[in-house]
Amino acid sequence: MRIFDPHIHMTSRTTDDYERMAAAGVRAVVEPAFWLGQPRTNVGSFTDYFDSLVGWEPFRAGQFGIRHHATIALNPKEANDRRCRPVLDELPRYLEKDGVVAVGEIGYDSMTPEEDDAFAAQLALAVAHDLPAMVHTPHRDKARGVERSLAVVAESGIAPERVVLDHLNEMTVKLVRDTGCWLGFSIYPDTKMSPPRMVELLKAYGTERVLVNSAADWGRSDPLLTRATGEAMLRAGFTDDDVDRVLWRNPVEFYGQSGRLDLTDDDLAEPTFAGNSILRGGS
């Protein structure tokens, strides 16, 4: 089973997680820029974080044969903090970097006017830089948030097939299914989706334009729930080809629209970090 996790926050995970993921069949990941749990107070903290997403994390993943890509954005929650708004001016230079395969996470947290402005501005950046967009749907009032997100996407002029609406569930999948946008589902221990629920949705709606991710982060989460979903699919009667479509070919197709997806096996250990102590066991 080959796995491409299209939404996982590896900055929050240990090197042991990379090792476990590689053993489970994970060969590629996309790490979206997101809220770190504590408010950031200046633009510099964002740029240092973005630099790690395009430099350090690909190196760390490469030690285990995993290709790491990123999406870059001002996340919805921090779009409400006036101290963070200048981050929008820093985004264009990051959206031109190799390994950045989409603008994200963008969208809504509390559906404020400030979030409206940041969402629209970053969709415009996606169009200008010819990149797909990853849309975070809010955890509260999700159905209304999805409807509002779809309206903003339609107004932006971005092609719907270049947009994924993530963190969907049984209540919202129908809203997105016929728009042409991709459907993203996060498999999480206590919230969002579970492998059995995901299998039922795949039975009902099929495997096309579906992205299944672990969204593993600093909360209680599990980077191997993509693998668990694939195993649940097989037990439910899906074929190996169905699993490969959902866990590999679909994310390759979606992020491949960026023209920057690199799934080759060579040069995974970037020379920039060749002398780093991680290669000496921290000594």
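This is a predicted model: local features need pLDDT of at least 70, side-chain atom pairs count only at pLDDT 80 or more; totals for chains, interfaces and linings use all residues.
Two strands count as paired when DSSP finds at least two bridges between them. Strand β2 (residues 26-32) and strand β3 (residues 67-72) are joined by five bridges and run in the parallel sense. Within this pair, Glu 31 has Ala 70 of β3 as its bridge partner. Helix α2 (residues 43-54) packs on the sheet, where it touches β2, β3 and β4 (100-107). The direction of α2 makes about 150 degrees with that of β3. Helix α5 also packs on the sheet, touching β4 and β5, and its direction makes about 160 degrees with that of β4.

Stepping back, the whole sheet is open and holds eight strands in the order β1-β2-β3-β4-β5-β6-β7-β8, with parallel pairing. The edges are taken by β1 (3-5) and β8 (210-213); each has a single partner strand, so one side of each is left without a neighbour in the sheet. From one strand to the next, the twist averages 25 degrees.

Strand β7 (residues 182-186) runs parallel to β8 and is joined to it by four bridges. Here Gly 184 stands opposite Leu 211 of β8. In a regular strand, side chains alternate between the two faces of the sheet. In β8, Val 210 and Val 212 point one way while Leu 211 and Asn 213 point the other way, and all are buried.

The buried residues of α6 are Lys 142, Gly 145, Val 146, Ser 149, Leu 150, Val 152 and Val 153. These residues cover an arc of only 165 degrees around the axis, which means that they lie on the same side of α6. On the other side of the helix, Ala 154 and Glu 155 are exposed. What do the buried residues of α6 pack against? Their partners are α5 (113-128), β5 (133-136), β6 (163-166) and α7 (173-177). Just after the helix, Gly 157 takes a positive phi of about 90 degrees.

A few places in the backbone also deserve attention. Most residues other than glycine have a negative phi, and most peptide bonds are trans. Against that background, Met 111 has a positive phi of about 60 degrees although it is not a glycine. Met 111 lies in the loop between β4 and α5. Is Met 111 buried or exposed? Its relative accessibility is 10%, and since buried means under 20%, Met 111 counts as buried. Asp 141, in the loop between β5 and α6, also has a positive phi, near 55 degrees. Asp 141 is partly exposed, with a relative accessible area of 44%. The peptide bond from Gly 104 to Glu 105 is cis, with omega near -5 degrees. Glu 105 has its place in strand β4.

Turning to charged side chains, a search of the whole structure finds 18 salt bridges. One of them joins Asp 130 to Arg 162, with the closest N and O atoms 3.1 Å apart. This pair links distant parts of the chain, 32 residues apart: Asp 130 is in the loop between α5 and β5, and Arg 162 is in the loop between α6 and β6. Arg 162 is buried, with a relative accessible area of 15%.

Another salt bridge joins Arg 197 and Glu 170, with the closest N and O atoms 2.8 Å apart. Arg 197 lies in helix α8 (residues 195-205) and Glu 170 in the loop between β6 and α7, so this pair ties together parts that are 27 residues apart in sequence. Both partners are partly exposed: Arg 197 has a relative accessible area of 32%, and Glu 170 has one of 36%.

The side chains of Arg 249 and Asp 241 also meet in a salt bridge, with 3.2 Å from N to O. Arg 249 counts as partly exposed at 28% relative accessibility, as does Asp 241 at 47%. Through shared partners, salt bridges join Arg 2, Asp 241, Asp 244 and Arg 249 into one network.

Definitions and conventions:
Residues are numbered from 1 along each chain as its sequence is written. Side-chain values use heavy atoms; hydrogens and water are left out. Buried means under 20% relative accessible area, exposed over 50%, partly exposed in between (1.4 Å probe, protein chains only). Helices (H or I, at least four residues) and strands (E, at least two) are DSSP runs, numbered from the N terminus. The arc is that of the directions from the helix axis to the C-beta atoms. Contact means heavy atoms within 4.5 Å. Axes are lines fitted to C-alpha atoms, for helices over the stretch in contact, and angles run from 0 to 180 degrees between N-to-C directions. A salt bridge is a side-chain nitrogen of Lys or Arg within 4 Å of a carboxyl oxygen of Asp or Glu.
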